[in-house]
Amino acid sequence: MSRDPRYDILFEPVRIGPVTARNRFYQVPHCNGLARLHPQAAAGMRRVKAAGGWAVINTEEVELHHSSDVSPYIEGRLWDDRDIPTFQASVDAIHAEGALAGIELAHNGFHAPNRYSREVPLAPSHMMVGALDPVQARAMDKQDIANLRRWHRDAALRAKRAGFDIIYCYAGHDLTLPMHFISRRYNHRSDEYGGSLENRVRLYREIIEDTKEAVGDRCAVAVRFAVDEVMGEEGLCSETEGREVVEMLAELPDLWDVNVSDWSNDSVTARFGEEGGQEQYVVFVKSLTSKPVVGVGRFTSPDAMVSQIKRGILDLIGAARPSIADPFLPKKIEEGRIEDIRECIGCNICVSGDMIIAPIRCTQNPTKGEEWRKGWHPEEIATAKSPEAQVLVVGAGPAGLECALSAARRGYSVALAEAGQALGGIAARMARLPGLASYDRVRGYREGQLRRMANAEIYLDSPLSAEEVLDFGARFVAVATGARWRLDGVGREHALPLAFLERAELLSPDAFLDGTVEAERVQGRKLVIYDDDHYLLGGVIAEALAGMGADVTLVTPAADVSAWTHNTLEQGRIQTRLLELGVTIRPHRTLAGAGNGVLTLACVYTDKTEEIPCDVLVPVTARLPEEALFQALKAREDDWADAGIAQVSLIGDALAPATVAHAVYSGHRLARELEEEIDLDVVPFRRELPGIAGG
Ligand code: ADP
Ligand code: SF4
């Protein structure tokens, strides 16, 4: 297939100071939980992206000095020359695939509590640190400012020596020191670095000038600047000071990488923001500078990308998440394979890796983070040892679909049997709930691919029994039958079933996922959600119920609604939305009794009880795997050989309920491991062990 000429413009080279990007696909800096602790894994991830056609591959933020120590978060580190080798593998991998390597030098100012280095944090003014540590940052004096400029310059020189082509001066989120100086909120100084905007911008200007002078002969100097903080006049605003900063520095850098702050606005989830949602903020930038401009917007549609270029909004299409979900996005557009694009669903599970201090993972791309340690490639998979063998996958949720697709790619003859009328399982069911439509992309991508494969058959309306599986006689059977929500209260807080729930009118989360809750059942009635799951579902059911006209209360043992979504940067928006919809929130409460239209709650600290009215209770607690089919097959293990079955495996939620990302990973893993010898005593991936030399 060849490229659609409409997309030619995306493949034009772009000059960035002394270097040239081979096309307009630009992977902006993004956290990945690999960096300084797993440099080979980071290089593996970057090699794949460079091979996938991105013209520029940037690092995560890189601590430029030991006074900017964000431990335990796993970012890059370039404190002195000894850190240079941690970037070597990445730079070499990026260059080997013909892309430019960029590095985002960062000083996190009062957002760096310096837990490891124990240095005193730095800020424009005396300031409490951004984390909840009982520590304050010290207002920088002139010597501190001179030191900071030298540290930035030294780090830039080190980055140049490491072989980077693009070196950032970073003020892209309110987490960075230059931004703290620019901000009226944080800069209370009265010297030439405070007061007027020109004074507040002075440090950033000096850093950019220093960097250009130090490395500008060979390296492009990029700025990442948040033109708007999405908090009105309290913060930077693209109509006033955000715009003026760009005006002041317009021609100074070689590239403008513009975005909005804070990170939750920049990486807004699909539930709260559309593709291209930053355009309204960054639209003015190109009119003020002749330098190339890059911006992000979870772009996955080539038409949207072309439109950004043609309408003069951006010169380069920036992407973090779309490059994570599909490292081969540029190549697929180039080769006219638009239907093969694995579109990001905007769930921010990738962000959660950074937040929980673990290597990056992705809902759509199960190979993400596994490129080096498991040797997984997003587009390549080993040919089956026995391609004549048949694989039967039972259940077409995320696990079953991914397993079927990856097994088919290996060359097996695949049959996918689904009990229901539609594919997609939990992902398609979640897509019914408010704001979660993009989850259906998990199904859409896989179904689209499978339907084009000659060696894969899909059977809908096919609830299989053990007998039928035995009759089918596939050599490999994957049971991906999912899970159902419990109704007995068992979860994190209540380890044993709550007998009193038998007296309550209950509605299962499954009914919401199935779309079978009728408005008459809930309208005008008092619905209580008990959320002991803490991820998306409790909050989103509350939102759905409020939309159906119920009087909704959300009870949770946690302090916050959907508490785990702090890790996906959504918690604030979820809680705000529920409050605005009139949902009553009862944190720090567990269940203590039910019946006669009343629910008894207990305080998690004091056990003190109280009663609230409740017509219907929705317990969002633990799930139980649907493993009846698997157990029935296990019970007939003696018949397997006669039926031609060599292996029956349990995957996804049927193995252990978790996120959609876990289910996709589980299905992918089984497909990769078919016919492999698995030794449970051996760690199944390569590791980067800490050096013990020291110094
Ligand atoms: P996962 O997240 O692990 O992929 P899901 O709950 O999304 O699990 O999907 C499980 C799918 O399996 C559902 O679509 C369900 O209809 C299907 N299923 C369950 N039992 C059977 C069965 N015996 N035969 C075929 N399909 C089944
Ligand atoms: Fe997109 Fe979700 Fe993958 Fe992140 S984890 S890249 S948001 S699909």
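Predicted model: local features only at pLDDT ≥ 70, side-chain atom pairs only at ≥ 80, totals over all residues.
Buried here means under 20% relative accessible area.

**View 1. Phe-181 and Tyr-193, an edge-to-face pair.** Start with Tyr-193: its relative accessibility is 6%, so the residue counts as buried. Phe-181 is buried too, at 0% relative accessibility. The model holds 11 aromatic pairs. In the one shown here, the ring centres of Phe-181 and Tyr-193 are 6.4 Å apart and the planes sit at 80 degrees, so we call this pair edge-to-face. Phe-181 belongs to helix α4 (residues 177-182), while Tyr-193 is in the loop between α4 and α5 (197-215), so the contact ties together parts that are 12 residues apart in sequence.

**View 2. Phe-225 and Trp-256, a pair across two strands.** This one is also edge-to-face, with 6.4 Å from centre to centre and 70 degrees between the planes. Phe-225 sits in strand β11 (residues 220-228) and Trp-256 in strand β12 (residues 255-260), so parts 31 residues apart in sequence get tied together. Both Phe-225 and Trp-256 are buried.

**View 3. A cluster of rings.** Here Phe-11, Phe-25 and Trp-54 are joined up through ring pairs.

**View 4. Arg-77 over Trp-79.** Now for a charge over a ring. Arg-77 lies over the face of Trp-79, and the distance to the ring centre is 4.0 Å.

**View 5. Arg-373 over Phe-685.** In this close-up, look for the charged end of Arg-373: you'll find it over the ring of Phe-685, at 4.1 Å from the ring's centre.

Key. Residues numbered from 1 in each chain as written. Chains lettered and ligands numbered in written order. Heavy atoms only, no water. Phe/Tyr/Trp six-rings, centres within 6.5 Å; stacked < 30°, edge-to-face > 60°. Helix = DSSP H or I, 4+ residues; strand = E, 2+ residues; numbered from the N terminus. Buried < 20%, exposed > 50% of the residue type's maximum accessible area, 1.4 Å probe, protein only. Lys NZ or Arg CZ within 6 Å of the ring centre and 35° of its normal.
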